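The sequence and structure come next.

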Amino acid sequence: MASKYHDDWQSSKRTVLQRNAYMFDNELMSDVSFTCGESSRIFHAHKYVLATSSAVFFAMFYGDLAQKESPICLPDDNEENFNEFLRYLYTDDCKITAENAIGVLYLAKKYLMSSLTKKCCKVLEASIKPDNVFMVLEQAIQFDEQKLEAKCWDIVSKKTQECINSEAFCNVGSHTLNALLKSETLTVTEVELFKAVLKWVDGECARQGINIEEDKTVRRRVLGDSVYEIRFLEMSQEDFAKYVSSTGILTETELVSIFQKFSGLDVAGLEWKEQKKRRSYIVGFSRFDVANGIKQAWNYNGSSSDALTLTVNKAVLFHGVRLFGDSNCSQYVVKFRIKAQNLSRIYTSEQDNDGVWGYDVMLPKPISLQPDEEFTIIATINGPQSQCGKNGKSSVKNDDTVVTFKNAPYSSHGLIPNFTNTDNGQFYKIFLSKI
């Protein structure tokens, strides 16, 4: 609703922001108005305010092809989203929620409002869950918000089963489905992924008004070339026969060829012969809290070693560790050892997304660790003083995987201790994946 005004209202507004806020959706001095969709509500606005905030509005009102008519109808917008968008132009603030963030983001992108775009993306990043991740992902791709897109794929990789079980998955575009099938890091079996793809195909058929009961081969036409990204040969022969063979997704010739491949025969021209097993998602288990667990300083001389003993509660793959570095992007010479694996390299300290300086020491090939097996990680480092950890955790849990830390027996490994232990020192993160 337009605000009521009185003589000398200006004197009660002490700042430019207060005066601008007073003019928000106010017919006083308004020289342009808007309506949204089928709504009859009229938003009163001021060309000067809009044009000084957006290059698009500047072109609309002051360019060579300036728009004259008013009210201007915005058929694709709703009034709740436009209200918050307009409020931001007048007050530099608005109420962005998980529910309206996508709608306001659309307006921010449409009118080239980069600051509002960042505000919307921040809210969306914080609100991503398995049941809405594909809806957010579609918008991130459409608006070319790469950071938001990466956050969505991160959730999909970690919690694939929950994500593909969501209603939002059935509404993704074919390009997103194809990208999912190409992904190398999914925590789901191939047969469960296929079931979700079939659900997506049937939903797409329904949207197009296609009756699959009359002709099941339409499923293949709707799925298109994405069928070649499905890793049928990673399924068991039993699951393939039970869940794939009767769906119409594959031709009779393809079915015979894949069954022959299951039997160990060489099949010429088989599209699926070069498939690789997807990698499990690598998780970093942090033994120090960023807020109160990082301090200065840790010293190195190249001869003493930092070591820590770990156990895991289930079989996992060990990929490497993140070690602390300094804020000067310094280089560190590291000799890293776990079991029979030895690695020696020079690393450069870089800041991670949490603001902690360090570097990742990753094995060329991961090694398997068995439940309750004790193993010791050893790093002999030469370089400048670095950050280090304090108030270390005795164990860390992620989903159903638990890592427990113990002080390393330096003497049994023939090491000169650099005094890392469960409370302090090196080994900021341990990188593991599920088997």
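Rings of Phe, Tyr and Trp (its six-membered ring) count as a pair if their centres lie within 6.5 Å. The model discussed here is predicted. One aromatic cluster is made up of Phe34, Phe43, Phe57, Phe61, Phe82, Phe85 and Tyr111.

The protein chain is divided into domain 1 (11–127), domain 2 (138–263) and domain 3 (283–434). Taken over C-alpha atoms, the centres of domain 1 and domain 3 are separated by 50 Å.

Strand S1 covers residues 32–36, and five of its five residues are buried. In a regular strand the side chains alternate between the two faces of the sheet. In S1 both faces are covered: Val32, Phe34 and Cys36 are buried on one side, and Ser33 and Thr35 are buried on the other.

S1 pairs with strand S2 (residues 43–45) in the antiparallel sense, over three bridges. Phenylalanine 34 has phenylalanine 43 as its bridge partner in S2. The hairpin of S1 and S2 has six residues between the strands, and glycine 37 in this hairpin takes a positive phi near 55°. With strand S3 (residues 72–74), S1 pairs in the parallel sense, also over three bridges. The bridge partner of phenylalanine 34 in S3 is isoleucine 72.

**Aromatic pairs and charges over rings**

A search of the whole structure finds 25 aromatic pairs. Two of them are listed here.

| Pair | Centre to centre | Angle between planes | Class |
|---|---|---|---|
| Phenylalanine 57 and phenylalanine 85 | 6.3 Å | 40° | tilted |
| Phenylalanine 232 and phenylalanine 240 | 5.8 Å | 80° | edge-to-face |

Phenylalanine 57 lies in helix H3 (residues 55–62) and phenylalanine 85 in helix H4 (residues 79–91), so their pair ties together parts that are 28 residues apart in sequence. Phenylalanine 57 and phenylalanine 85 are both buried. In the other listed pair, phenylalanine 232 is buried with a relative accessible area of 0%, and phenylalanine 240 is buried with a relative accessible area of 0%.

Charged side chains also sit over rings. Lysine 195 lies over the face of tyrosine 243, at 4.2 Å from the ring centre. Arginine 287 lies over the face of phenylalanine 405, at 5.9 Å from the ring centre.

**Helix H11**

Helix H11 (residues 190–207) has 18 residues, which at 1.5 Å a residue should span 26 Å; the end C-alpha atoms are 26 Å apart, in agreement with this. Among the buried residues of H11 are Val191, Leu193, Phe194, Val197, Leu198, Trp200 and Val201. Glu190 and Glu204 are also on the buried list. The cover over the buried residues of H11 includes helix H9 (160–164), helix H10 (174–182), helix H12 (218–223) and helix H13 (237–243). Just after H11, glycine 209 takes a positive phi of about 70°.

**The five-stranded sheet**

Five strands form an open sheet in the order S4-S16-S7-S11-S10, with antiparallel pairing. Strand S4 (283–286) and strand S10 (350–351) each have a single partner strand and stand at the edges, so one side of each is left without a neighbour in the sheet. Within this order, strand S7 (residues 316–324) and strand S11 (residues 357–369) pair in the antiparallel sense over eight bridges. Phenylalanine 324 has glycine 358 as its bridge partner in S11.

How values were computed:
Residues numbered from 1 in each chain as written. Heavy atoms only, no water. Pairing = 2+ DSSP bridges. Helix = DSSP H or I, 4+ residues; strand = E, 2+ residues; numbered from the N terminus. Domains from an automatic or database assignment. Buried < 20%, exposed > 50% of the residue type's maximum accessible area, 1.4 Å probe, protein only. Expected span 1.5 Å × (residues − 1). Contact = heavy atoms within 4.5 Å. Phe/Tyr/Trp six-rings, centres within 6.5 Å; stacked < 30°, edge-to-face > 60°. Lys NZ or Arg CZ within 6 Å of the ring centre and 35° of its normal.
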